[in-house]
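Let's take a walk through a protein model together. Keep the picture open and look for each part as we reach it.

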Amino acid sequence: MVFKSPSWVPSLPCAIPDTSSVGDFVLSGDYSSRPKDNKTSPLICAVSGKEYSLEELSNQVDLVARSLSKELGWLPNQGESSDKVLGILSFNSIEYLILCWAVHRLNGICLVIHTGSSNREIESHLNRANCKTIFACTSLLKTCTEVTGALGIPSSNVYVLPVPDEVTELTPAHKTFDQLVADGPRLPNLDPVKWEKGQGKKQIAYLAATSGTSGLQKLAQITHFNIIANILQATTFESGFAPGVTESCLLMLPLSHTYALEVSHIMLWRGDAIILHPKFDMMKMLQSVAKYKIERLYLVPSIVAAWIKNPFLFQMFDSTSVSSIVSGAAPFDKNLADMVAKVQPKWCIRPGYGLTESSIIATLTSSNDQMFGSSGSLLPEVELRLIDPEGKDIEEYEKAGEVLLRGPNIIPGYFEDPEASAKLIDSDRWLHTGDIGLVRLSPKNNEHLVIVDRMRDMIKVKGMQVAPTDIEAHLVTHPAIRDVAVIGVKDELAGERAKAFIVRSPDTMADLSDEKLKEVIAEYVEGGLNELHWLHDRIEFIKEIPKNQSGITWVALVVSGAERFTFNAVTTPWLKHSPQAQGKILPQAAKVIMCSARGRFKLDAAKPEYQKENYGKEVEWDDVVNNLITQAGQMRLDGVPNDAIKALNPVACVILGPMIQKFLYPSLRKLGIPFGPIARMTWAFIMMSASMAFAVGVQKLIYTRGPCYDQPLDCPDSDDGAIPNSMSVWVQAPIFFLLGCAEILGFTILSGYAYAEAPKNMRTLVQALGQTAAGVGSALGMAVSPLSDNPQVLYLYSVLAAVMIAVALVFWLAFRKHDRKYY
């Protein structure tokens with residue numbers, strides 16, 4: 001049975017052009033609904049602020065093409081394309097696409113190389129593609145020259161592509177992109193490329209490294225026709241429910257990956273504005289979301305999960321402009337979708353599916369037909385078949401089989417690899433993806449593709465097929481798990497069983513031993529999945545899940561000891577490592593040390609009973625709360641234990657947290673009032689000052705009431721401390737509510753902000769200094785502890801209130817400038 005796109009999807013607006021290069025097609029905007037007189041800048045660098053209009057892009061392409069023609073001797077209509085291959089090894093740059101399209105103007109081919117490729121992989125790609133010219137960014141220039149030197153490629157054929165935040169050094173050995181642009185106006189115009197009818201179908205635009213549907217890396221041949229087809233397919237699909245709509249979009253996935261490369265072409269052709277980041281950085285991405293009022297994000301599920309799992313980020317950055325997230329590279333699990341719906345119910349999550357070999361999008365989710373767990377519906381002119389292990393077509397819904405695709409976006413094969421190409425695409429032009437999927441009807445009765453797993457990764461338990469992704473999707477929702485990979489291992493009774501390799505979260509359940517956490521995780525799986533998925537003791541903790549540049553787990557490396565490998569992938573955001581608020585361990589340690597020192601360095605001297613017996617002090621290692629409990633004990637309790645009143649603090653957090661998040665912050669944004677992290681921490685100091693000031697007032701009121709007035713519980717009329725002063729304990733409630741406000745405004749954001757803003761190589765030091773400062777504060781608290789007695793405690797509260805308001809003022813004046821980048 002051949003499945004096709006839903007009936008509501010329009011037909012393509014035109015025959016797919018086969019005599020135009022993809023760059024010319026994008027720049028011309030032919031058949032696009034974008035305004036023809038649009039003078040805005042559709043391509044903006046998020047770091048430098050540099051931007052290009054469509055007219056400027058076209059002009060730059062022409063200038064660079066002229067210079068490359070002179071430098072390399074390439075002419076548009078002379079020579080074979082296979083002899084005009086130019087490699088690019090660079091992080092994202094707004095000049096990246098200009099360079100690609102300039103090569104296409106010369107009828108050349110772009111070899112896009114992943115920035116994380118090893119020297120051996122780069123050498124293999126250059127050799128296979130017969131590539132003798134390469135552009136590299138400054139940070140990868142050393143790697144590049146090592147490889148080109150070994151291959152005998154002259155240094156004059158190695159050029160430098162500018163990337164923001166990298167210093168481009170001018171050297172005689174390597175010309176820069178900017179030098180080529182500067183040389184262009186002095187060179188003659190080039191003849192336009194002349195293609196015969198149908199040439200776009202065989203003319204290669206990009207050679208893209210891919211692991212293929214199986215095995216080691218290959219070079220996928222992506223033609224101009226493939227990309228133009230996919231541009232028309234994706235935008236036509238979207239026009240079925242949002243005709244002519246353009247958006248501001250953020251892109252930080254690597255352009256060396258075909259997912260980002262393809263969507264960048266789509267966005268520019270549509271007329272969207274692209275805010276481009278050189279590489280993944282969660283904090284910088286969120287700053288751009290707030291600054292440019294980003295409406296659409298192109299992400300992968302792991303980044304979405306990291307964002308959602310750290311809700312303090314929604315307090316730091318204004319993300320109210322975001323309306324949709326297009327997700328690719330991995331299935332968007334229903335559990336993750338439920339998490340998103342709870343935190344950001346207005347977001348439209350639109351998972352898609354595709355491969356480099358389908359250049360790139362084959363299915364997409366409509367905003368009007370969401371069904372989480374699926375990868376959406378087929379794009380127009382994409383056909384789908386499902387076949388069982390015997391090669392027979394599956395004719396029914398909900399039955400899984402290998403996914404086969406056919407359409408104008410399917411690549412012709414792998415470069416210089418006819419054997420692998422023959423396995424990839426059969427004689428009827430069906431692409432064998434190696435993915436297992438099924439077709440499921442959505443609530444609106446539309447056919448959706450659901451990817452179950454890859455064929456080679458299936459685990460056969462007691463003769464039944466178990467998908468590792470089902471277990472991974474369940475495990476990744478556990479707060480103590482940062483990352484996970486599940487594989488099949490031999491089992492004497494069941495044939496195979498699932499085994500999980502897990503990277504622990506550094507923040508959650510960090511006090512549990514490995515063995516205890518394994519028990520917790522095993523119970524978590526047993527509580528959510530059936531017996532075929534259970535792990536029992538087949539859990540192993542490792543340092544990192546090794547992945548390739550596409551974010552796909554290297555199962556072989558996991559099995560062979562993944563703790564020896566690290567991978568700086570775009571799908572491993574810093575937020576999975578970000579610290580959460582911790583208990584005050586160092587301050588408590590400082591107090592213990594001081595108490596033990598007073599007792600001749602015996603740790604027993606720090607015990608509460610010792611302090612009570614020898615110094616008459618109640619020690620709970622939390623001076624402020626302890627003093628407030630003591631204050632509560634001086635008032636009429638009306639049946640409430642004096643230490644129970646402190647429960648109002650977490651109650652206040654529970655009540656006030658959602659109110660501040662859902663009403664205060666959005667209201668301030670609508671009014672245009674900046675309220676960044678520094679402002680919030682400043683107000684946290686003010687709230688703490690207000691709480692201590694209120695405590696002063698409460699203490700004064702206590703002293704005005706009998707029977708003991710300014711010596712509560714310490715006069716003959718108190719019946720040996722049994723009768724408190726005549727004041728209701730509930731007058732203390734505002735103190736704990738003010739402290740709760742301070743926690744919500746400041747402390748929930750403090751640790752993550754310090755971690756994010758610190759230099760990467762100093763983050764641990766910054767966190768340690770913060771704890772040390774807290775320890776010093778505790779030492780000072782011990783020094784003034786004699787003020788805790790009546791009536792001196794009045795002065796203690798007064799000093800704290802005064803210090804907090806002074807700190808708030810100094811803090812704001814010193815650091816308010818750092819809030820500007822958040823608005």
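Over residues 794-815, what percentage of the chain is helix and what percentage is strand, and how far apart are the end C-alpha atoms? The chain there is 100% helix and 0% strand, and the end C-alpha atoms sit 32 Å apart. Bear in mind as you look that this is a predicted model.

**Segments from the record**

The UniProt annotation "transmembrane region", from an unreviewed entry, covers residues 677-697, 735-756 and 794-815. Residues 677-697 are also 100% helix and 0% strand, with the end C-alpha atoms 30 Å apart.

**The whole protein**

Now zoom out. You'll find 24 helices and 25 strands in the protein. Of its 823 residues, 54% count as buried. What about contacts along the chain? Take the contacts between residues at least 6 apart in sequence: 70% of them join residues at least 24 apart.

**A hidden space**

The structure also holds 6 cavities of 30 Å³ or more. Let's visit the second largest cavity, which has about 60 Å³ of space. Which elements give two or more residues to the lining of this cavity? They are helix H7 (224-239), helix H8 (258-270) and strand S11 (296-299).

Among the lining residues are Ala234, Val263, Ile266, Tyr298 and Leu364. Glu238 and Arg296 line the cavity too. Sorted by kind, the lining has 7 nonpolar residues, no polar ones and 2 charged ones.

| Spot | Feature | Angle |
|---|---|---|
| Ser359 and Ile360 | cis peptide bond | omega about -5° |
| Gly706 and Pro707 | cis peptide bond | omega about 15° |
| Lys293 | positive phi | phi about 55° |
| Asn445 | positive phi | phi near 70° |

Where do these residues sit? Ile360 is in the loop between strand S13 (348-353) and strand S14 (363-364). Pro707 belongs to the loop between helix H21 (677-703) and helix H22 (733-757). You can find Lys293 in the loop between helix H9 (282-292) and S11, while Asn445 lies in the loop between strand S19 (431-441) and strand S20 (447-454).

Lys293 has a relative accessible area of 45%, so it counts as partly exposed. Asn445 has a relative accessible area of 57%, so it counts as exposed. The cut-off behind that label is over 50%.

Definitions and conventions. Residues are numbered from 1 along each chain as its sequence is written. This is a predicted model: local features need pLDDT of at least 70, side-chain atom pairs count only at pLDDT 80 or more; totals for chains, interfaces and linings use all residues. Side-chain values use heavy atoms; hydrogens and water are left out. UniProt positions are given in the numbering used here, feature names are shortened, and annotations may be inferred rather than shown by experiment. Helices (H or I, at least four residues) and strands (E, at least two) are DSSP runs, numbered from the N terminus. On a 1 Å grid over the protein atoms alone, a cavity is a set of points where a 1.4 Å probe fits but cannot get out, and a pocket is an open set with protein on both sides within 12 Å along at least five of seven lines; lining residues have an atom within 4 Å of a point. Grid points are joined across faces, edges and corners, and a volume is the space filled by probe spheres set on the points. Ala, Val, Leu, Ile, Met, Phe, Trp, Tyr, Cys and Pro count as nonpolar, Asp, Glu, Lys and Arg as charged, and the others, Gly among them, as polar. Buried means under 20% relative accessible area, exposed over 50%, partly exposed in between (1.4 Å probe, protein chains only). Contact means heavy atoms within 4.5 Å.
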